[in-house]
Amino acid sequence: MREERGKLAGDITVTDDMTLWGTIAGTVTVKEGGKLYMRGAIFGNLVVQDGGRVHVFGNISGDLRVEEGSKVIHSGIIGRNVINAGGRLHIERIAKVGGKIKENAGETIYEGRGEWKREGRGSR
């Protein structure tokens, strides 16, 4: 497993196992075969494509996009919106979302009542 502990600038693509303890200034895309354990900070968006797996423990300043065929566990802080476009999304009780949670497709599991606005398919 690869670990990143420093500061990276620019867009990053993850196609293998990676743990991020540092910071990335740019968009991070996790593709098929990629597994990201995000403990640091992303100053941009996180996009998880088909076959990608992510566990967010850290901070993302932008949006989180969960595409069809991907799996995400969210235990950290998302500064903007969470968009489930067909993947499997699990939002833990301790998670924070600064924007809205948009469910266009897929499966979204909420462990508790959060302080966020939910919209899209299945809204209450």
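**Notes on an all-strand model**

1. Two strands count as paired if DSSP finds at least two bridges between them.

2. A quick word on what you're looking at: this is a predicted model, where local features need pLDDT of at least 70 and side-chain atom pairs count only at pLDDT 80 or more, while totals for chains, interfaces and linings use all residues. Residues are numbered from 1 along each chain as its sequence is written, and side-chain values use heavy atoms, with hydrogens and water left out.

3. Now the overall make-up. The protein chain has 18 strands and zero helices. Out of its 124 residues, 42% count as buried, meaning under 20% relative accessible area with a 1.4 Å probe, counting protein chains only (exposed is over 50%, partly exposed is in between). If you look at contacts (heavy atoms within 4.5 Å) between residues at least 6 apart in sequence, 2% join residues at least 24 apart.

4. Back to β13, which covers residues 71-74.

5. Next, find the open sheet. Six strands make it up, in the order β2-β5-β8-β11-β14-β16, with parallel pairing. Its edge strands are β2 (7-9) and β16 (96-97), each pairing on one side only. Inside that order, two bridges join β5 (residues 23-25) to β8 (residues 41-42), and I24 has I42 as its bridge partner in β8. As background, strands of a sheet pair through backbone hydrogen bonds, either parallel or antiparallel.

6. Which residues touch the most other members of the largest nonpolar core? They are V28, V30, L36, L46, V54 and L64, out of 25 residues in that core. (A nonpolar core is a set of buried Ala, Val, Leu, Ile, Met, Phe, Trp, Tyr and Cys residues joined through side-chain atoms within 4.5 Å.) Elements giving two or more residues to this core include β3 (12-14), β6 (28-30), β10 and β12 (64-67). The largest share, three residues, comes from β15. As for V28, not counting residues up to four places away in sequence, it touches I12, V14, L36, I42, N45, L46 and V47.

7. Finally, two loop residues. Is N81 buried or exposed? N81 is buried, because its relative accessible area is 15%. N81 sits in the loop between β14 (77-78) and β15, and its side chain reaches the backbone nitrogen of K100 at 2.7 Å. D63, in the loop between β11 (59-60) and β12, also counts as buried, because its relative accessible area is 18%. Leaving out residues up to four places away in sequence, D63 touches G44, N45, L46, R80, N81 and I83. Seen from N81 under that rule, the list is G62, D63, L64, G99, K100 and K102.

Notes:
Helix = DSSP H or I, 4+ residues; strand = E, 2+ residues; numbered from the N terminus. Polar contact = N/O pair within 3.5 Å; in protein donor to acceptor, adjacent residues only side chain to side chain.
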